[in-house]
Amino acid sequence: MIYPTRMAVLAAVIGAPIALLIAMLFPAVWYAGLGWPLAVLLLVVADALLGRARAEAMLTLPRSAAVGVELIVPVAVTSGGRPVRGPVQLALAGDPLVEIADDGRLDLALEGGRGTGAWVLTPRRRGTAHFATIWVRWAGPLGLVWRQIRVAGDHALPILPDIEAIRRDGAQIFQRHAVQGLLAQSDRGDGTDFDALVEFRSGMDRRAIDWKQSARHRKLFAKEYRTERNSQIVFAIDAGRQMSDPVGGIPRVDRAVSAALLTGWLALKLGDRVALAAFDSRPRIASGFISGGAAFPELQHLAAGIDYSGDETNYTFALTTLAARLTRRSMIVLFTEFTDPTSADFLVRAVARLLKTHLVLVVVLRDEELETIVDAAPATPADVTRAVTAGALLRDRRLVLLRLRHLGVHVIESPHDQVAERLVEGYVDLKRRSLL
């Protein structure tokens with residue numbers, strides 16, 4: 001494709017008043033005023049002929065990307081035959097799942113007919129992003145025409161849940177919390193599973209004394225316990241309409257998935273069994289329990305299948321179905337979000353039924369948008385109304401969380417960028433307190 005540059009358009013526009021002036025001053029030779037546009041036209045044709053060249057662009061995508069993690073995608077441009085003179089401009093056809101810096105535009109200088117550059121991509125949602133077209137254009141030697149080519153190709157980029165925290169901090173987190181095997185002697189006495197009968201020593205808990213065995217051996221003997229392993233952890237993720245709203249540029253459900261994966265990885269390493277469930281108006285994903293560190297890719301694959309939904313969340317249906325599948329006491333980690341009192345009331349009622357058998361941990365993200373509105377100084381009457389409404393919503397939210405805590409639910413309300421760390425700390429604390 002060949003089309004004029006801004007310089008060529010301006011040159012042609014400038015010639016119009018000149019031609020008009022000549023026609024007014026010298027009516028007999030009015031056609032002399034056409035000399036300027038004809039000269040511009042000839043220069044444009046000459047520039048188009050001189051700027052003929054061939055160019056190719058090759059995009060190199062990684063095997064996958066993580067939600068919210070900035071990605072550098074290199075692109076290489078080569079010019080064959082007659083080389084391209086001067087810099088080239090590139091444009092990448094975007095995808096709704098990915099945000100591209102500078103609207104996908106890139107300026108690239110060629111040396112010896114070759115040049116390399118990079119686009120900065122930020123995935124915003126899970127799925128498969130497609131980049132079907134790259135446009136490459138360059139100006140002729142006179143700068144009057146653009147020559148543009150379209151490089152077609154089916155470039156696909158799978159966007160998966162973010163496990164960057166596991167790769168970066170997983171080993172440190174495991175060493176910090178994995179007392180089993182590292183501090184075996186210190187771990188004894190903190191759990192609920194009987195380990196051994198030992199002679200009573202100073203400093204041991206007197207409530208652990210086995211009086212029958214002590215009477216039989218005529219010495220004080222005490223029971224030693226070890227931390228219970230093989231506990232069941234269920235990550236129940238609300239994928240309804242409210243969880244699909246973004247916070248910090250990333251949907252809440254993706255924040256929940258990342259936190260669940262990090263905690264699930266640690267739970268598998270510590271010997272617990274992990275399951276994943278997702279629901280909106282009805283259950284969508286309900287996996288069985290897996291165990292062992294080698295099973296983490298399966299958990300990651302299941303998490304990648306959690307889709308965004310526009311349905312309202314049905315807590316009663318989803319949590320009742322989940323409870324019916326559990327045959328023993330489990331720890332249920334529920335990621336959710338609520339705004340209206342009606343849905344919050346259904347949440348409280350459904351969780352209350354779960355508490356009869358299971359340990360429930362509810363994880364919600366702080367609504368920083370509402371807090372910002374409340375804390376901002378009002379400048380107009382509309383700001384006052386907005387602040388009063390936001391304050392009422394926050395008050396209702398705190399009331400619901402308070403009701404959950406009074407029921408015996410463990411609640412984590414965290415900023416969006418700290419939810420994974422807060423959840424890991426909460427899980428390890430409950431495990432060390434033998435509440436699982």
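This is a predicted model: local features need pLDDT of at least 70, side-chain atom pairs count only at pLDDT 80 or more; totals for chains, interfaces and linings use all residues.
**Salt bridges.** A search of the whole structure finds 13 salt bridges. Begin by selecting Arg397 and Glu337, whose closest N and O atoms are 2.6 Å apart in a salt bridge. Arg397 belongs to helix H11 (residues 381–407), while Glu337 sits in the loop between strand E19 (331–335) and helix H9 (341–354), so the pair ties together parts that are 60 residues apart in sequence. Arg397 is buried at 6% relative accessibility, and Glu337 is buried at 3%.

Remain on helix H11 and select Arg386 and Asp383, which are three residues apart and separated by about one helical turn. Their side chains meet in a salt bridge of 2.7 Å, N to O. Arg386 is partly exposed at 43% relative accessibility, as is Asp383 at 23%.

Next, select Arg366 and Glu371, joined by a salt bridge (2.7 Å, N to O). Here Arg366 is partly exposed at 30%, whereas Glu371 is buried at 17%.

**Strands E5 and E7.** Display residues 88–92 (E5) and E7, which pair in the antiparallel sense over four bridges. Leu90 has Leu106 in E7 as its bridge partner. Within E7 (residues 105–108), Leu106 and Leu108 form the covered face, and Arg105 and Asp107 the uncovered one.

**Helix H2.** Select Ala48 in helix H2 (residues 35–50); its C-alpha atom is separated by 8.8 Å from that of Ala139, 91 residues apart along the chain.

**Surface patch.** Finally, select Glu368, Asp417, Glu421 and Glu425, which form a negative surface patch. Glu421 lies in helix H12 (residues 419–432).

Note on methods: Residues are numbered from 1 along each chain as its sequence is written. Side-chain values use heavy atoms; hydrogens and water are left out. Patches are made of residues with over 30% relative accessible area and no salt bridge: like charges are joined within 9 Å, nonpolar side chains (Val, Leu, Ile, Met, Phe, Trp, Tyr) within 5 Å. Accessible areas come from the Shrake-Rupley method with a 1.4 Å probe; for residues, only the protein chains shown count as cover. A salt bridge is a side-chain nitrogen of Lys or Arg within 4 Å of a carboxyl oxygen of Asp or Glu. Lys and Arg count as positive and Asp and Glu as negative; His and the chain ends are not counted. The place of a charge is taken as NZ of Lys, CZ of Arg, CG of Asp or CD of Glu. Helices (H or I, at least four residues) and strands (E, at least two) are DSSP runs, numbered from the N terminus. Buried means under 20% relative accessible area, exposed over 50%, partly exposed in between (1.4 Å probe, protein chains only). Two strands pair if DSSP finds at least two bridges between them.
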